[in-house]
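Open your viewer and keep the selection tool at hand. We will go from one stop to the next, with a few things to look for at each.

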Amino acid sequence: MKEDRDRLESYLRAYQLEHIFTEEWLPHVSLSYFNQGELICSQGQPASMLYILVKGKVKIYTTSAQGKALILSFKKPLEVIGDIEYVQGYDMINTVEAVSSVETIGIHHHLLNKFGKEHAPFLQFLLEIVTKKFYIKSNFLSFNLMHPVEVRLASYLMSISYDDSDALIKGEVSTPSLVDAANLIGTSYRHLNRVIQKFCEEGLIERRKGFIQILDRDGLSERAENNIYE
């Protein structure tokens, strides 16, 4: 569709990717749309596409053999999904789910094998993305070690409740996901509940049946010290 083609090209311009995805690539590159809660890829499935996140926010999580899910991170543009799987030839390592409405640029591995391996701008782009992930991972580990649980919880709540444009997604977090939150921020579920109670007393959030409602976004952001799990 021409509308999709125009939108695709507008994203390439906005993120300065025209030198990577040249006219030779464009007929093989597609724009995909995902609704909130929809899976972009699933852990263990064969990897056949490389996705570039250009709009919205996603969460990345892994699931154990016992069915326990652990959220690893949240991502917003510009981000690449499936880069390690493409380079190493692995199945999908983690599951990626849309937290808000999401748009991605998709490139099939066949195209990458045909054009990408000798296309210096693409290889440079891939290198920058991979090294950025290592840098973010290092910061994440430092963040968990150096900040108190109050800061980490506030950061988690901000990450899961707001999209890439800082527009409200739903302003609430389901109670069952708090177990994942405890695992992500590196604390016990009991201690997490104590901090949640403190936030309730301060008017930052309200605990309702089945979910937590964010009441004071600015106050929560201040408590997070601008450190978001992204």
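How many residues does α5 have, and how far does it reach from its first C-alpha to its last? Helix α5 has 13 residues and reaches 18 Å, close to the 18 Å expected at 1.5 Å a residue. Keep in mind as you look around that this is a predicted model.

**Stop 1: helix α5.** Select residues 149-161. Of the 13 residues of α5, 12 are buried, so the helix is largely enclosed by the rest of the structure. Among the buried ones are Arg152, Tyr156 and Met158, along with Ser155, Ser159 and Ser161.

**Stop 2: the contact with α7.** On the α5 side, show Val149, Glu150, Leu153, Ala154 and Leu157; they meet His191, Leu192, Val195, Ile196, Lys198 and Phe199 in α7. Coloured by class, this contact has eight nonpolar, one polar and two charged residues.

**Stop 3: strand β7.** Move on to residues 95-98.

**Stop 4: the partners of β7.** Select β2, residues 39-41, which runs antiparallel to β7 and is joined to it by two bridges. Here Cys41 stands opposite Val96. Then select β4, residues 58-63, which also pairs with β7 in the antiparallel sense, over four bridges. Finish at Val58, whose bridge partner in β7 is Ala98.

Methods:
Residues are numbered from 1 along each chain as its sequence is written. This is a predicted model: local features need pLDDT of at least 70, side-chain atom pairs count only at pLDDT 80 or more; totals for chains, interfaces and linings use all residues. Side-chain values use heavy atoms; hydrogens and water are left out. Buried means under 20% relative accessible area, exposed over 50%, partly exposed in between (1.4 Å probe, protein chains only). Two strands pair if DSSP finds at least two bridges between them. Axes are lines fitted to C-alpha atoms, for helices over the stretch in contact, and angles run from 0 to 180 degrees between N-to-C directions. Contact means heavy atoms within 4.5 Å. Ala, Val, Leu, Ile, Met, Phe, Trp, Tyr, Cys and Pro count as nonpolar, Asp, Glu, Lys and Arg as charged, and the others, Gly among them, as polar. The expected span of a helix is 1.5 Å times one less than its number of residues.
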